[in-house]
Amino acid sequence: MPLKIFCRVLGLVLCSNALIVYFASHSIRTVVVTTLACSLLLQLAYFASVLFLIWRSGCVSRAGQRALHFYSCKEVGSEPPGLDEVTNESADLLQRDQMLAISLLLP
């Protein structure tokens, strides 16, 4: 999601939250407190999603390493036919997930 759209959605959520709380309570103090709490909750959700993406990319890389270890420990004279495809696919997935996690961290 582009930064411009993300900022618009974030502003829309926080402003709508402030308006709803103001019309419900008629208190500026309550509006400020709940809007700050809402922004903190959104930041925590964002941070948790980035951690989840990093964890998931680690699982993909470990799965690829296990596949390589399994094929290297086999006592077969020739290499299995699809080994290059498995390693290339796991490397591509790892690189894509890492780029996604990094792009989420950048403003």
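Helices (H or I, at least four residues) and strands (E, at least two) are taken as DSSP runs and numbered from the N terminus. The model described here is predicted, with local features requiring pLDDT of at least 70 and side-chain atom pairs counted only at pLDDT 80 or more, whereas totals for chains, interfaces and linings use all residues. Residues are numbered from 1 along each chain as its sequence is written, and side-chain values use heavy atoms, with hydrogens and water left out.

On these terms the chain contains three helices and zero strands, and its pattern, read along the sequence, is α-α-α. The accessible surface of the chain, computed by the Shrake-Rupley method with a 1.4 Å probe and, for residues, with only the protein chains shown counting as cover, comes to about 8400 Å², and carbon and sulfur atoms account for 69% of that surface. Of the 107 residues in the chain, 19% are buried, where buried denotes under 20% relative accessible area, exposed over 50%, and partly exposed the range in between (1.4 Å probe, protein chains only). Contact is defined as heavy atoms within 4.5 Å, and among contacts between residues at least 6 apart in sequence, 57% join residues at least 24 apart.

Helix H1 has 23 residues, which at 1.5 Å a residue should span 33 Å, and its end C-alpha atoms are 33 Å apart, in agreement with that value; the expected span is 1.5 Å times one less than the number of residues in the helix. Leu14, Asn17, Ala18 and Val21 are the buried residues of H1. Leu10 also has its place in helix H1, but it counts as partly exposed because its relative accessibility is 31%.

Leu10 belongs to a nonpolar surface patch that also comprises Leu3, Ile5, Phe6, Val9, Val13, Leu42 and Tyr46, and these residues together have about 610 Å² of accessible area. The elements that give two or more residues to this patch are helix H1 (3-25) and helix H2 (28-73), and H1 supplies the largest share, six residues. Patches are made of residues with over 30% relative accessible area and no salt bridge, like charges being joined within 9 Å and nonpolar side chains (Val, Leu, Ile, Met, Phe, Trp, Tyr) within 5 Å; a salt bridge is a side-chain nitrogen of Lys or Arg within 4 Å of a carboxyl oxygen of Asp or Glu.

Asn17, in helix H1, counts as buried because its relative accessibility is 18%, and, not counting residues up to four places away in sequence, Asn17 touches Thr34, Thr35 and Cys38. Thr35, in helix H2, likewise counts as buried, at 17% relative accessibility, and, leaving aside neighbours within four places in sequence, Thr35 is in contact with Leu14, Asn17 and Ala18. The side chain of Thr35 also reaches the backbone oxygen of Val31 at 2.7 Å.

The loop between H1 and H2 holds His26, which follows H1 and has a positive phi of about 55° although it is not a glycine. Most residues other than glycine have a negative phi. His26 counts as exposed because its relative accessibility is 58%.

In helix H3 (residues 83-105) lies Arg96, which is exposed, with a relative accessible area of 51%. The C-alpha atoms of Arg96 and Ser57 are separated by 8.6 Å, although the two residues stand 39 residues apart along the chain.

Note on methods:
A polar contact is a pair of N or O atoms within 3.5 Å; within protein, one must be able to donate a hydrogen and the other to accept it, and residues adjacent in sequence count only if both atoms are side-chain atoms.
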